[in-house]
Amino acid sequence: MTTGTDQDGHDRAALMARAAGIRALLESNAAQTDSLRRLPDENVKALNDTGLCRLLVPRRFGGAETSVRTFVEVIAEIGRGCGSTAWVASLVNVCAWLAGLFPDRAQRDIWGDDPHAWAAGSLAPNGEAVPVEGGWRVTGRWPWASGCLHAQWAACGIHIKDDGDGSGGVGLCLMPMRDLQVEETWFMAGMKGTGSNTIVGTGVFVPEHRFLPYAQAFAGTYRTEHTDEALYRVALVPVTVLILAGAQLGVARAALDYVIARAPARGITHTHFRAQTESAGFQMLVADAAMRIDSAFLHAFRAADDLDAAAAANGQLDLVGRARVRADTALVAKHCREAVELLVQAHGTSSLADANPLQRRWRDIHTASHHAITEWQVNLEVYGKALLGVEPNITPLI
């Protein structure tokens, strides 16, 4: 773990200490988090009280406005306590970052009266927007909106209906949750507590200042007037991919800590080993898992550092660099999943008992690591095509 003062002057060590300070609470609430299929109120309060849900909120509104690197580290620390809580914290934070790309007027809509407001959402353009005076009327359904049960605002992708005048397009809009409904659709094997349900809207008015066109945003042109804020110059697609890494890093590290802590008191059934620590086979499985987790952290940090450095230099990564962030993140997911599999094997069959917290981490890592945008073979092809200059690539999301 790296500590010290971030390039933007924010104290990384203090944020890490706050995340570590709520770990025991998150662990004690983990079973309840699963059964509720949302964060317990106590977890939400802990995130609010520590400011860990405001890592990517502009300092102008009392947020931390920290770097991408610090964000990844802090979310990973939260993930050591609870994967679902870390995932929600990550998604709420990235939606705050997205809001920071909008005009100042839109940002004041969210945080002007309520500096603690959360935003959740789904970037896929699943809403249809019909032009009306001053903006659009939006209707749609947005699944996988992690944390929407706790949010006051929604960041949702829309497709603007083209009346033949060339006015159509896709982008992101901001809507108050009071104008929307949440349909409970999140019934999964892992990451149960993320409450990644479906947001539903019918004829919701979205004023013009609460729209961010994807074409310009993917090219690095945002609508914020605060162009001196380096965090809000970071490349959009890579950062929205990389934010998925932190929770997985934390879950994998927690699994490793658990297996190591209990190894001296656990024998190996049907052998002469009175403690797992005596077995060379066990030692190698744990070492293999630890190396995969270490590699996952290193790749996540490289990707974050690349994004931060480009933004600080008032630019963005080139195509190959952006594709590498996707590949780095996919490798993080792969290594974390493989590491937890090795740790379950090493710990033994009781890993999968309901009473054993390792089974929840096993379920969480499998659910999180199979997010569509971090699938290994897909991102290898994206990166390979970028390296070789093969066009078109298989997706515009680079």
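Predicted model: local features only at pLDDT ≥ 70, side-chain atom pairs only at ≥ 80, totals over all residues.

User: How much space lies in the largest pocket?

Analyst: Rolling a probe the size of a water molecule over the atoms shows where empty space is left. On a 1 Å grid over the protein atoms alone, a cavity is a set of points where a 1.4 Å probe fits but cannot get out, while a pocket is an open set with protein on both sides within 12 Å along at least five of seven lines; lining residues have an atom within 4 Å of a point. Points are joined across faces, edges and corners, and a volume is the space filled by probe spheres set on them. Here the largest pocket holds about 970 Å³. It has 37 lining residues, and the closest to its centre are Ser 122, Trp 144, Leu 244, His 371 and Ile 373.

User: Which element gives the largest share of that lining?

Analyst: Helices (H or I, at least four residues) and strands (E, at least two) are DSSP runs, numbered from the N terminus. Strand E1 (119–132) is among the elements supplying at least two residues, and E1 gives the largest share, 6 residues.

User: What lines the largest cavity?

Analyst: There is 1 cavity of 30 Å³ or more, and the largest has about 60 Å³ of space. Its lining includes Gly 79, Cys 82, Val 251 and Asp 364. H13 gives the most, with 3 residues.

User: How do H6 and H10 cross?

Analyst: Axes are lines fitted to C-alpha atoms, for helices over the stretch in contact, and angles run from 0 to 180 degrees between N-to-C directions. The axes of H6 and H10 come within 8 Å and cross at roughly 160°. Angles under 35 degrees count as roughly parallel, over 145 as roughly antiparallel, 65 to 115 as roughly perpendicular and the rest as oblique. H6 and H10 are therefore roughly antiparallel.

User: And at what angle do H5 and H10 cross?

Analyst: The axes of H5 and H10 cross at roughly 45° and come within 7 Å, so this pair is oblique. Contact means heavy atoms within 4.5 Å; among the residues that meet are Val 72 and Ile 75 in H5, and Leu 249 and Val 251 in H10.

Methods
Residues numbered from 1 in each chain as written. Heavy atoms only, no water.
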